[in-house]
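Take a moment with the sequence and the model. This report begins at the ligand and then turns to the chain as a whole.

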Amino acid sequence: MNKIGFIGAGNLASSIIKGLTQSKMDSSIYLFDILRKKADSLAEEFNAHSGTFSEVVRKSNVVVLTVKPKDVKGLLLELSGYSLAGKLIIAVAAGIRLAVYEQALSGVGIVRVMPNTSSAVLHSASGLVRGRYVTDEQATVAENMFSALGKLVWVEDRKINAVTAVSGSGPAYLYLFAELMAKAGVKLGLTEEEAEFFAKETLVGTGKMLAEGSRTPRELREAVTSPNGTTFAALNIFLQEGLENIVFKAMAACLRRAEEMEGEYKR
Ligand SMILES: NC(=O)c1ccc[n+]([C@@H]2O[C@H](COP(=O)([O-])OP(=O)(O)OC[C@H]3O[C@@H](n4cnc5c(N)ncnc54)[C@H](OP(=O)(O)O)[C@@H]3O)[C@@H](O)[C@H]2O)c1
């Protein structure tokens, strides 16, 4: 059984733990947060154990660092005082390179992961980067953990900011789209409740069609777009008004921000 400790009991830890408890993975979960109440309430919700920093680090064979990027440096300093031999560290912070962890925790197995919040419904699309001290057994543990939370692809560290731009931040783009569709629906005559219902369920259904995996997004789009029909009229506006460029500019800004953060958090 894996003993998985979380340092930082915030949004992402909660999504991952929710996913883990719904999955078939056999694990015990330990939690530490600066604010003990936060760890206690997550622990109560998911039948996990909250404890002191030292207890969580000592008891876990996998330690997941789910704190904000600004708090990683201090955390690494604290962790470097512990014996981490044989433990796997999982690092999820945006904008902090694998090298920063490997310098701070010399010789320790580190897997850098960019998951997303859909971990909570076992549909994360996670990018994993294998550190140089990670054993095959530890790589399998990381793979089991993140495949229990959705799907994953191993990538090189230099690609992780692009992964962040697509899947790490991606859910927020689509939530925004759902919000905007609902807003437009109200302007077109629906009640707020109706518009929200149709926008939300449309995204859910679309995701399920994509999940079937037999057709590409383009094929699915073309299948619902008859020439000169209603969908055709809407898509023409999206394309004429520059949606492709907007999407690219937004994702490039996400990647640039991750690069800036790398500069800020570099040793
Ligand atoms: N949310 C996402 O979709 C997503 C996706 C991919 C990756 N990530 C990464 O996941 C990490 C966590 O994000 P989040 O949204 O879950 O953040 P969050 O909700 O702010 O959670 C972090 C928690 O850790 C606590 N904390 C700070 N320093 C700590 C320390 N030294 N020891 C123990 N606990 C500490 C924070 O307390 P205070 O609030 O009091 O500081 C907070 O409760 C970030 O690095 C982010 O880049 C997030």
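Sort the residues in the shell around the ligand by class, and you get 15 nonpolar, 8 polar and 4 charged. The model is a predicted one.

| Class of residue | Number in the shell around the ligand |
|---|---|
| Nonpolar | 15 residues |
| Polar | 8 residues |

Which residues come nearest to the ligand? Out of 27 around it, they are Gly-8, Gly-10, Leu-12, Asp-71 and Ala-93. Two elements each give two or more residues to this shell: α1 (11-22) and α4 (69-79). Helix α4 gives 4 residues, the largest share.

Now look at another helix. Is α11 largely in the open or largely buried? Helix α11 spans residues 230-240, which is 11 residues. A residue counts as buried if 20 or more other C-beta atoms lie within 10 Å of its own. In α11 the number of buried residues is 0, so this helix lies largely in the open. Just after α11 comes Gly-242, with a positive phi of about 90°.

Finally, step back to the whole chain. The chain holds 12 helices and 8 strands. Of its 267 residues, 34% count as buried. Along the principal axes, the C-alpha atoms fill a box of roughly 65 × 35 × 35 Å. Take the contacts between residues at least 6 apart in sequence: 67% of them join residues at least 24 apart.

Note on methods:
Residues numbered from 1 in each chain as written. Predicted model: local features only at pLDDT ≥ 70, side-chain atom pairs only at ≥ 80, totals over all residues. Near = placed C-beta within 6 Å. Nonpolar A, V, L, I, M, F, W, Y, C, P; charged D, E, K, R; others polar. Buried ≥ 20, exposed ≤ 12 C-beta atoms within 10 Å, placed from the backbone. Contact = placed C-beta atoms within 7 Å.
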